[in-house]
Amino acid sequence: MESVFEAFISNPALYSAGHLVGETLHFPTNTEEVQSLLKRIGVDGVRCQEYFIISFDSDILGLYDYLGEYENIDELNHLACLLSELDKSDLEKFEAAVASGEHTSGVGDLINLVENLDCYDFYIGVSDDETLGRIYAEDMELINIPENLRDYFDYEAYGRDMRINEDGGFVKGGFFLPNGSQFIEHYHGLEDIPDDH
């Protein structure tokens, strides 16, 4: 399975003693890889039971900004498994949601965000009010503009009003907005992680 993100995991006891002992773990992963890595960095579950994450890296824009040093590896793996199942358009929608700050207060929030992407719409490449106004007026036909008045219609003002009224916003890559669907919290804690994740 292709890596969705990676984390550099370190042994805090050795780190505080001045030794940078750690390794990169690629997510999604499996139990054997995690246990092997922890053993190699001296987190044996007896003398040293803790680990911490020094850094994250990902091609998913902004994701690592919302991941912290004490994240749970099982939760991270569940998130990675869910992200690995997304197609390109849903991945772009997820990046837009993250950029907008929607449900980003921790790994649990991000897991629920992946599970609720159908609650959002994302218009790729739409980066200004005029383009947005044209989409709402011409493509969606939300307003009937007579043909002879189209050259005089203020698409920018219409797009700005729609953006404000729809509670949407421009993010890197396009226009993102909630579509009114109910956001359901599927994930409440470690007990909700499937065994294969």
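Predicted model: local features only at pLDDT ≥ 70, side-chain atom pairs only at ≥ 80, totals over all residues.
Student: Where is Thr29 placed?

Tutor: Thr29 is in the loop between β2 (22-27) and α2 (31-40).

Student: Buried or exposed?

Tutor: Thr29 has a relative accessible area of 13%, and under 20% counts as buried, so Thr29 is buried.

Student: What does the side chain of Thr29 make a polar contact with?

Tutor: The side chain of Glu33, at 3.0 Å. Leaving aside residues up to four places away in sequence, Thr29 touches Val34 and Asn77.

Student: On to α3. How many of the residues of α3 are buried?

Tutor: 10 of the 12, so α3 is largely enclosed by the rest of the structure. Asn77 is one of the buried residues, and His78 and Cys81 are also among them.

Student: What do the buried residues of α3 pack against?

Tutor: Their partners are the strands β1 (5-10), β2 and β3 (52-58), and the helices α2, α4 (88-100) and α5 (107-115).

Student: Which residue caps the N-terminal end of α3?

Tutor: Asn72 does, with a side-chain oxygen 2.7 Å from the backbone nitrogen of Asp74.

Student: New topic. At what angle do α6 and α7 pack?

Tutor: Helix α6 (residues 129-139) and helix α7 (residues 155-166) pack at about 85 degrees, and their axes are 7 Å apart. The two helices are therefore roughly perpendicular to each other.

Student: Which residues make the contact?

Tutor: Among them are Leu132, Arg134 and Tyr136 of α6, and Tyr158, Arg160 and Met162 of α7.

Student: And by class, what does the contact of α6 with α7 have?

Tutor: Six nonpolar, two polar and eight charged residues.

Note on methods
Residues numbered from 1 in each chain as written. Heavy atoms only, no water. Helix = DSSP H or I, 4+ residues; strand = E, 2+ residues; numbered from the N terminus. Buried < 20%, exposed > 50% of the residue type's maximum accessible area, 1.4 Å probe, protein only. Polar contact = N/O pair within 3.5 Å; in protein donor to acceptor, adjacent residues only side chain to side chain. Contact = heavy atoms within 4.5 Å. Axes fitted to C-alpha atoms, helices over the stretch in contact; angles between N-to-C directions. Parallel < 35°, antiparallel > 145°, perpendicular 65-115°, else oblique. Nonpolar A, V, L, I, M, F, W, Y, C, P; charged D, E, K, R; others polar.
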